[in-house]
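Here is a briefing on a structure with several chains. Look at it first, then read the points below.

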Amino acid sequence: MSVAPEEPEVLDRRLDAAALDRRLDAVWQTPRGLWAALATVDHKIIGRRYIATAFVFLALGGLLAVAMRLQLARPEARVMSADRYNQVFTMHGANMMFLFAVPVMEAMAVYLVPLMVGTRNIAFPRLNAFSYWMYVAGGIVLWGAFVFDMGPDIGWFAYVPLSGPQYAPGKRADIWAQMITFTEVSALAVAVELVVTIFKQRAPGMSLDRIPLFVWSMLVTSFLIIIAMPAIMVASTSLILDRLIGTHFFNPAEGGDVLLWQHLFWFFGHPEVYIIFLPAVGMVSTLVVTFSRRPVFGYLGLVLAVISTGILAFGLWVHHMFVTGLPRLGESFFTGSSMAIAIPSGVQIFCWLATLWSGRPVLKVPLLFVYAFLFTFVMGGMTGVMVASVPFDTQVHDTYFVVAHFHYVLVGGAVFPLMGAVYYWFPKITGRLMSERVGRWVAGLVFVGFNLTFFPMHLLGLAGMPRRVYTYPAEMQWGSVNLFISLSALVLASGFLLFFWDAFRSLRHGIPAGDNPWDAPTLEWATSSPPPSYNFARLPVVSSAYPLWDERDALSVATGLRPDRREVLVSSVADARPEARESSPRNSIWPLWTAIATSIMLVWSIFTPWAVVWGSIPIATALIGWFWPKGVPEDDA
Amino acid sequence: MTRRLLILAGLLALAACKREQREVRLDPPALDALDQVALMPNGIGGAPPDVLPALGRPYETNAYQLSQGKRLYGWFNCTGCHANGGGNVGPALMEGWWRYGPDVQSIFASIRDGRPHGMPAFKDKLTTEQIWQLAGYVQTIGTYAAKTAAPTRNDEMQSRPSESRGPAGADIAPPSR
Amino acid sequence: MNERIVLDVSHLTLHGKSSASVTWWGTFAFMLLEGTGFALLIAVYLYLESLASEWPLGAPPPDLGPGSVLTAVLIASLVPNYLIARWAEQENLHKVRIGIVIMTVLGIVPVVLRFYEFPALHISWDSNAYGSILWALLGLHLTHLVTDLGDTVVLAILMFTRHGANKRRLGDIQDNALYWNFVVATWLPIYVCIYWVPRL
Amino acid sequence: MTARPLRLPALAAVLACGGCGTPWQSALHPGGAQAGGLLDLITIFTAVCGIVWLLVMIVTLLTLRRRRAGIEAPLPRDEGTERRPRRAVQAAVATTVVIIAGLTLLSFFVTRGLTADDPQALVVRVRAYQWWWEFTYQDPRPDQAFTVANEIHVPVGRPVRFLLEAPDVIHSFWVPSLAGKQDLIPGRSNEITLVADQPGVYRGQCAQFCGLQHAHMAFLVIAEPPDRFAAWQVAQRQPAPEPATDEASVGRRIFLARQCAACHTIQGTTASGTLGPDLTHVASRRYIAAGLLPTTRGSLAAWTADPQTLKPGNNMPMVPLGSDELSAVSAYLTSLR
């Protein structure tokens with residue numbers, strides 16, 4: 001057995017504030033240097049990298065969108081070939097869904113959730129590091145392939161048989177399928193970390209009814225990921241098996257089925273929309289509370305709405321298949337369930353409006369984005385009700401109407417709140433505020449540019465323009481609207497450009513923020529900006545959902561943890577009663593090796609199935625290195 | 001060392017490019033040149049047209065061209081005599097042993113001009129480029145190591161193992177003839 | 001910000017057991033997501049069956065022998081698995097060492113038997129969709145057998161090193177035992193699907 | 001549907017200047033009862049949702065009436081003041097439920113109204129290929145069945161039942177001015193029944209991404225009075241006319257001797273390929289290459305000379321023809337009326 005831990009001199013209560021900070025930093029810090037940077041497991045450093053990487057992919061995906069708009073600005077344009085266009089729109093969709101939207105929401109949570117629940121690191125921090133490396137590798141594989149004319153050209157949905165062995169020659173579709181594996185492994189890992197962090201590492205006293213709403217949203221999102229993403233893993237693995245070793249999952253001539261793909265894909269694909277949207281719900285709730293200066297109206301209603309959205313999300317997938325000829329009765333059921341999800345969404349909207357109504361709203365940039373969100377998302381919700389109707393959908397399915405609809409929901413519903421969240425939490429992450437003046441321009445340009453770009457697409461769709469066409473004949477007279485859309489897209493792009501510029505500039509030249517520039521009520525604002533490596537010198541204890549508002553003089557904290565090792569508090573699931581002082585793993589380079597070994601195996605397996613056998617040997621080796629005890633104080637029990 | 005690695009990576013990337021390109025249209029002069037096969041007098045072996053290496057031998061190495069060849073194999077009823085490589089009226093192609101040699105120009109000549117004992121000439125049915133596509137594909141049927149660019153199974157009833165499972169010939173016994 | 005100390009946690013244990021441990025919850029979450037994967041694959045099996053005119057497709061039903069023996073071994077392994085979890089709970093290192101060796105052997109046997117199962121299916125993965133889903137089910141479960149075996153082997157070695165006598169490692173033993181229960185539990189519906197559904 | 005008067009003139013005006021000048025492929029310009037019913041549904045949904053959206057936006061803007069310039073201390077918690085908003089939220093949620101239920105029912109009844117079977121329907125088998133359409137008019141007498149490509153004629157007022165098949169990848173059959181879309185899925189058989197109530201030319205287009213030339217996979221539905229339709233049917237059943245000029249007969253000889261005949265059928269000749277569209281009456285169709293070019297001698301010549309430039313990636317190879325040969329072939333094709 002190891003050293004008895006109960007020696008009084010190593011407990012933090014004996015230390016004054018300065019000495020405690022010094023000792024905690026020695027244990028928790030990430031030293032300077034490349035090696036340490038690669039080995040870090042600090043959720044803040046990884047979260048920052050995650051967020052920055054996701055925004056790089058947003059910018060790249062945006063460039064693809066601009067390229068598409070160039071091609072579509074005029075009828076029968078030849079800015080790029082049909083082949084290139086198909087790669088571009090596939091890349092845009094796959095990149096935005098798998099490399100931007102899901103990761104960026106998880107990235108925000110990786111950074112914020114441990115701070116918001118008042119702990120020192122995320123659960124399974126090494127898994128967290130591994131997940132980031134897998135994510136980066138997946139992005140490199142996809143974009144590397146695209147640069148070498150090997151980008152997938154089968155749509156982000158990769159419907160068989162077009163993506164199958166007979167109609168998708170070469171390795172392009174395999175690249176898509178393996179990119180799925182990379183990003184799903186990383187998303188699933190983060191989901192597991194978040195669930196366990198939220199269940200077991202909350203500050204003492206943070207019972208279920210005191211959890212910040214963003215954290216609730218991330219909890220439900222994580223469960224959605226855990227239950228939905230295996231479906232796409234099953235689907236993409238079946239596809240790659242069909243393509244590489246000749247299985248027949250999707251070959252109707254040998255007992256397979258083409259629609260099986262669509263069922264599996266949308267069983268994942270529809271919850272995916274909520275995986276992106278629910279975190280945004282949490283962000284909006286957070287911003288609404290802080291900037292209307294009052295606790296949220298209908299906390300319980302909001303939580304139940306988020307949970308019921310999560311459950312209903314699994315009952316809707318068939319509404320993506322209304323024109324595939326499934327039995328009409330079944331389709332009517334899915335119309336009902338798709339419509340029903342408007343009810344929890346309505347509850348959320350009404351609760352936010354009630355909060356704003358009875359509060360004292362302060363129109364800082366984050367709240368501007370909330371108003372932009374309300375305007376656009378409610379419209380997206382309305383068109384969502386429209387496409388939920390089977391007969392309505394038969395006219396607009398796979399047209400620009402649907403393109404408009406889901407951009408209203410995903411950009412209006414998720415990206416606007418995300419941008420508001422960036423303005424809101426930027427000072428916490430960097431210690432500096434972004435510019436209020438530039439922010440107003442950003443919000444205005446993005447809001448106006450977005451609506452001018454996407455609203456006319458509703459009309460285009462009704463006027464008969466299908467999606468995923470690389471061009472259209474001049475005689476269809478869609479040209480003028482398309483030109484208008486392309487020009488508006490430039491306004492939208494300029495808004496994003498300004499946003500990136502503001503973020504870069506503010507990193508160095510922003511106004512120093514202080515701990516809590518918005519006088520916000522949740523725990524992440526109880527520590528310095530940016531937070532120290534150990535987040536909190538003494539772990540907070542809470543007695544309300546808005547601790548910083550309800551105890552304005554001093555923060556209640558716990559004492560009695562060891563400062564000589566990485567230690568966090570484990571608390572019970574329902575009422576957050578402290579149960580144990582658990583250690584948290586130290587920095588380690590092994591997650592990186594494991595990610596490299598896994599990446600090699602996954603890419604190699606596109607070329608030969610034996611890669612799965614030989615490639616798993618280095619993975620196993622790396623995993624043993626990862627988990628083998630090193631005899632450090634963290635092993636004490 | 002780093003430089004050598006970079007060069008290697010660059011070459012690999014270029015190879016990948018070539019393998020994945022979708023070249024749907026050749027210029028007419030190149031198309032004409034594709035016909036310039038210098039065969040030996042017995043119609044077996046010889047020199048492929050100069051344009052082929054200049055193009056990077058796309059019909060043997062490019063995934064898109066090979067899959068077009070496979071499409072033609074089904075469309076022009078090659079299966080009628082050769083089945084899916086197992087052979088029937090015509091010889092088996094999967095064994096990897098060919099009466100007129102394994103080089104692609106011989107296969108090209110067999111398809112274009114026909115061969116004795118029943119193999120018809122396809123030069124009036126297929127364009128020269130299509131014959132090259134078909135020849136490239138037919139060559140992959142019989143290879144002992146599957147090419148990474150080779151197509152795999154069809155969305156049809158399976159009468160042979162997937163092309164990616166090379167050497168395919170070893171896996172199924174040739175039909176008794 | 002000013003602080004007010006309201007709670008002293010120094011009396012708490014340094015390593016919580018079962019539901020008080022984060023690894024227990026992590027294992028649980030992974031079981032949930034892998035369980036979803038198994039459930040989906042079984043759903044694919046039943047979906048393909050519902051579309052087929054005959055089932056099994058183009059092959060006789062699989063031989064019962066190897067699969068049933070494997071099922072029996074897996075069920076039998078639950079007993080030592082239960083015991084090793086209890087011994088780990090009691091922190092009885094000696095018994096845990098014996099148990100982990102037994103569990104290693106009981107982990108190897110099913111992997112070996114699995115390689116007799118594949119030929120007993122009488123169909124190859126590339127013959128038709130029925131063959132594909134059978135191989136996929138067996139293959140997915142095989143990867144779970146192999147990874148859990150790897151985990152067990154590493155833990156067995158660990159138990160004979162200086163790291164063995166540590167509550168944290170004994171907790172790992174318990175989590176590994178929990179996961180083995182999961183591997184066995186997921187096998188049973190697969191066994192029914194592969195071997196008995198075609199005979200219905 | 002009786003709700004046609006509900007169609008909002010304002011909406012129609014907005015949509016008309018939305019750029020759909022030639023309304024031959026538009027859900028907003030129905031030419032049949034189904035598309036008309038769907039347009040009514042679209043209009044009702046748009047009106048209801050538009051009003052809801054407007055109300056929510058008014059409330060949203062009104063929340064700003066007590067806005068402050070700077071951040072103040074948080075408001076004191078007072079349960080008493082929550083009562084009014086609570087009532088409002090409850091009422092709003094209840095209204096949402098009612099509206100959603102109403103729209104669901106409406107949608108359900110419209111669906112039921114759309115799926116009526118008619119034994120008198122004309123039956124056409126549709127096979128969608130990468131990237132063109134093949135239509136076979138079924139007939140109890142096999143010799144009366146005939147096949148056309150990329151353009152169909154239908155009699156006004158008579159339902160037409162389309163049996164949808166896809167031999168390669170998934171496509172989607174969509175003539176927005178007549179009805180909603182239905183996918184064509186390999187290994188499955190779907191069908192859709194359309195009725196054109198007004199004579200006219202309606203354009204349809206593949207709506208499911210199907211590869212390189214998904215953008216150029218259109219077809220025309222020409223609705224005409226029953227007598228003209230009958231005459232068209234009779235004409236289409238005829239074999240191809242004999243060439244009337246020397247140039248055209250040279251063209252036919254070239255067509256039959258070269259690669260053309262391996263893929264295309266021309267009834268009445270030895271050309272019996274089935275890999276490309278049936279060309280028996282190609283010049284009677286308004287467009288060639290699935291809606292790519294209007295049928296003229298020039299466009300036929302250009303297409304034959306260089307299909308891969310006009311529609312890159314399509315499955316027609318570039319057949320090397322001299323300029324005289326090309327001219328003769330185009331003369332022959334132009335004569336196939």
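A residue is buried if 20 or more other C-beta atoms lie within 10 Å of its own, exposed if 12 or fewer, and partly exposed in between, with C-beta atoms placed from the backbone. This is a predicted model: local features need pLDDT of at least 70, side-chain atom pairs count only at pLDDT 80 or more, and totals for chains, interfaces and linings use all residues. Residues are numbered from 1 along each chain as its sequence is written, while chains are lettered from A and ligands numbered from 1 in the order in which they are written.

**A sheet in chain D**

- Helices (H or I, at least four residues) and strands (E, at least two) are DSSP runs, numbered from the N terminus.
- Two strands pair if DSSP finds at least two bridges between them.
- In chain D, five strands form an open sheet with mixed pairing, in the order β3-β2-β1-β5-β8.
- Its edge strands are β3 (146–149) and β8 (190–194) of chain D, and each pairs on one side only.
- Direction ignored, neighbouring strands of this sheet are turned by 25° against each other on average.
- Strand β2 (residues 132–137) of chain D pairs with β3(D) in the antiparallel sense, over four bridges.
- Within these strands, Thr136(D) stands opposite Thr147(D) in β3(D).
- The covered face of β8(D) holds Asn190(D), Ile192(D) and Leu194(D), and the uncovered face holds Glu191(D) and Thr193(D).

- Two packed helices are described by the angle between their axes and the distance between the axes.
- Axes are lines fitted to C-alpha atoms, for helices over the stretch in contact, and angles run from 0 to 180 degrees between N-to-C directions.
- The axes of helix α4 (residues 82–116) and helix α8 (residues 258–292), both of chain A, come within 9 Å and cross at roughly 40°.
- That makes α4(A) oblique to α8(A); angles under 35 degrees count as roughly parallel, over 145 as roughly antiparallel, 65 to 115 as roughly perpendicular and the rest as oblique.
- Two residues are in contact if their C-beta atoms, placed from the backbone, lie within 7 Å.
- From α4(A), the contact uses Met97(A), Ala101(A), Val102(A), Met105(A), Met108(A) and Ala109(A).
- From α8(A), it uses Glu272(A), Ile275(A), Ile276(A) and Pro279(A).
- By class, this contact of α4(A) with α8(A) has nine nonpolar, no polar and one charged residues.
- Ala, Val, Leu, Ile, Met, Phe, Trp, Tyr, Cys and Pro count as nonpolar, Asp, Glu, Lys and Arg as charged, and the others, Gly among them, as polar.

**One residue in chain A**

- Ala189(A) is found in helix α6 of chain A.
- Is Ala189(A) buried or exposed? It counts as buried, because it has 24 C-beta neighbours inside 10 Å.
- Ser131(A) is 58 residues from Ala189(A) in sequence, yet 6.1 Å from it in space, C-alpha to C-alpha.
- Leaving aside neighbours within four places in sequence, Ala189(A) is in contact with Leu127(A), Phe130(A) and Ser131(A).

**Where the chains meet**

- Which pair has the most contacts among the five pairs of chains that touch? Chains A and D do.
- In that pair, 81 residues of chain A are in contact with 76 residues of chain D.
- α11(A) gives the most to the side of chain A that touches chain D, with 12 residues.
- That side of chain A divides into 50 nonpolar, 21 polar and 10 charged residues.
- The contact between chains A and C takes 55 residues from chain A and 46 residues from chain C.
- On this side of chain A, α7(A) gives the most, with seven residues.
- The side of chain A that touches chain C has 35 nonpolar, nine polar and 11 charged residues.
- β1(A) and strand β1 (residues 3–8) of chain C run parallel, joined by five bridges.
- Ala558(A) stands opposite Leu7(C) in β1(C).
- No contact joins chain C and chain D, and their closest C-alpha atoms lie 11 Å apart.

**Chain B in brief**

- Chain B has nine helices and two strands.
- Along the sequence, chain B follows the pattern α-α-β-β-α-α-α-α-α-α-α.
- Of the 177 residues in chain B, 41% are buried.
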